[in-house]
Every structure is written in C-alpha cells, then in structure tokens.
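Open the structure in your viewer and keep the selection panel at hand. This tour goes stop by stop.

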Amino acid sequence: MQYNNIISDFTDGITTITINRPTKLNALNKATIFELHAAFKMAESDFDTKVIILTGSGEKAFVAGADISEFAHFDEESGRLLSKEGHDLLFDFVENLTTPVIAAVNGFALGGGLELAMSAHFRLASSNARMGLPEVSLGLIPGYGGTQRLAQLIGKGRALELIMTASMIDAEKALDYGLVNYVVPQDELLPKCIDLAHKIKSNSSLAISAAIKAVNANYRDGVNGFDVEISEFGTCFGTEDFEEGTTAFLEKRNSKFTGK
Ligand code: COA
C-alpha cells in the first residue's frame, strides 16, 4: 500500500511505523488513521515482524492529537461515529495486536496522541516529551480510550486531575506516574526501543502473544483474566517453542525459537 501520512520500515524483525505529518505536528486525520490501521494490520500478519515500534517524525511531536480541523463542524452523531471508528480501526486494534507494540514518544503526545501511545503495550519517552489530554479545553472529552486507559495506567485521581485541568506533564512526571517506562535523550529514544525490541524478539513470540492476551483480559468487561491465563498457559504447552525453550534450558544452551 502507498502511504502518504506514515512511513513503515522493516529491519531485522522490527517494523517501525512513523507518523509523518510534521508540519501538523503529526495530528491524526482520518487518512492517517486508515493508513496506520493498514500498516499495523500488515505488520501483525507478517511472520517476520516480532516487534512494532511506533513514533512520530520530527523532533517536536509524537502526535499533537486528533486533527481538530476535521471535526470542528461535527454534530453529536458524527462525534460518536468518529470515536467508534477510531476505537475499532486504531486504538482498540493496536491494544489487541498480538505483536508487541512499543510507543516511542518523541515530543508532544496530546489528546489522541497520548491515547495512541497508551494503546501501545508500553511506552518510552524522550526527555523533551510532554503529555496530556486537553480535550476539555475544546469542550470535549477524550474519545479514543483516554478516559479508560489513563486511569488504568496512572490511577483515577491523577487521570481525572490531568483531564480536568487539561494540563500537560513532562517526561519525568510521566515516568514518576508509570505512564512511560523510560525517559532518555531524544537521540537515544529509538536505539533504546530497538534494544528492548531485540530482547523481546529473543524470546518465544508465541508465548509473548499469549502473555499480551492474558494481561489484556484483565481490562475487558465480562472476561475473567485468570481463566484466560489458564487457557493460554495450557496452549503454550502444545507449541514447538515450549519444547525448544525447556530443552535448551536443560541442555544449558540458548533457545532458538521459531515462533511455531
Ligand atoms: N489538529 C490539527 N492541527 C494541529 C493540531 C491538531 N491537534 N496540533 C497542531 N496542529 C497544527 C497547527 O494548527 C499548526 O498548523 P499551521 O502551521 O498550518 O497553522 C501546526 O500544527 C503547528 O502547531 P502550532 O500550534 O503552531 O505549534 P506550537 O509549537 O505553537 O504549539 C501545541 C504546539 C502542541 C501546544 C499546539 O499545536 C496545540 O495545542 N495543539 C493542539 C493540541 C490538542 O488540543 N490536542 C487534542 C486534540 S483532540
């Protein structure tokens, strides 16, 4: 597929998806959301992609939010549709991918930008990054999962303060809140993500997918996470990766996982 708003690059088991609208601070317009959906879908179905890194182009922004110019004239019905389509195509979609997704937050991550970073399985930030959900300053609330995922990640009180004040936090505060796992200088952000991606891809990709499903189950209504864990745990025993992992341990050698 030809992309106009993103760049997707595959190197050594890692697909890096870069949102590429720097003059609009990588704001998420509809076309970008469609392209991201397609790129994530392609990476998920590519057997050779073991980790996906998501970042923004330029040094200023990861994503400065949903593209305000596209929805400024919407009515209630179109607003609901915008939110629902976003959840389905991108935000829930990314969270539920079974290929690990790391967000490299390289600058502003506001509104839909922070919501996208929160859909990833975990996040790193550059030291210049600033994060927030400023929607109430536009007369809106976060509509791409932010009211749910921010509270899950940093707790209800902190999430409500951030949402109600529409303020931004810096990278160090985000680290303190557990919103990001690491803060590094901007030029070290992608190398650090790649380093983590290599550690991840040395493990069984099937087991990692099972772990994502089990952890995510805790956040889904009407699903018992412990039951999902029991089921996924059992499924692992039927894989070649399990046989290889346990055999390699007993033979005191490194595992060579095939993802089968
Ligand atoms: N939607 C549409 N366009 C956006 C945007 C968004 N969410 N965020 C930034 N842009 C555009 C600006 O309109 C501007 O375009 P222009 O040069 O054609 O006028 C360009 O990106 C650069 O942004 P600018 O505001 O000039 O940069 P800044 O350094 O002065 O401020 C921000 C940076 C991030 C503080 C500011 O852009 C901002 O507040 N953005 C909106 C954040 C937001 O409310 N997000 C939630 C949306 S639901």
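**Stop one: the ligand**

Select Ala 64: one of its backbone N or O atoms lies 3.0 Å from a nitrogen atom of the ligand. Keep in mind that this is a predicted model.

Now select Lys 24. A polar atom of the Lys 24 side chain is 2.5 Å from a ligand oxygen atom. Move on to Thr 23. Here a polar backbone atom sits 3.4 Å from an oxygen atom of the ligand.

How much of the ligand does the protein cover? On its own, the ligand has 860 Å² of accessible area, and the protein covers 59% of that.

Next, show the residues around the ligand. There are 16 of them, and those that come nearest are Lys 24, Lys 60, Ala 64, Ala 66 and Ile 68. Colour this shell by residue type: nine are nonpolar, three polar and four charged.

**Stop two: helices α1 and α3**

Two packed helices are described by the angle between their axes and the distance between the axes. Select residues 30-45 for α1 and residues 76-95 for α3. Their axes come within 10 Å and cross at roughly 40°. Angles under 35 degrees would count as roughly parallel, and 65 to 115 as roughly perpendicular. α1 is therefore oblique to α3. The crossing of these two helices, α1 and α3, is left-handed.

**Stop three: helices α5 and α6**

Select residues 146-154 for α5, then residues 156-165 for α6. The two axes are 7 Å apart, and the packing angle is about 135°. That angle makes α5 oblique to α6. Which hand does the crossing of α5 and α6 have, left or right? It is right-handed.

Conventions
Residues are numbered from 1 along each chain as its sequence is written. This is a predicted model: local features need pLDDT of at least 70, side-chain atom pairs count only at pLDDT 80 or more; totals for chains, interfaces and linings use all residues. Side-chain values use heavy atoms; hydrogens and water are left out. A residue is near a molecule or strand if one of its heavy atoms lies within 4 Å of it. A polar contact is a pair of N or O atoms within 3.5 Å; within protein, one must be able to donate a hydrogen and the other to accept it, and residues adjacent in sequence count only if both atoms are side-chain atoms. Accessible areas come from the Shrake-Rupley method with a 1.4 Å probe; for residues, only the protein chains shown count as cover. Ala, Val, Leu, Ile, Met, Phe, Trp, Tyr, Cys and Pro count as nonpolar, Asp, Glu, Lys and Arg as charged, and the others, Gly among them, as polar. Axes are lines fitted to C-alpha atoms, for helices over the stretch in contact, and angles run from 0 to 180 degrees between N-to-C directions. Helices (H or I, at least four residues) and strands (E, at least two) are DSSP runs, numbered from the N terminus. Angles under 35 degrees count as roughly parallel, over 145 as roughly antiparallel, 65 to 115 as roughly perpendicular and the rest as oblique. A crossing is left-handed if the near helix is turned anticlockwise from the far one by less than a right angle, and right-handed if clockwise.
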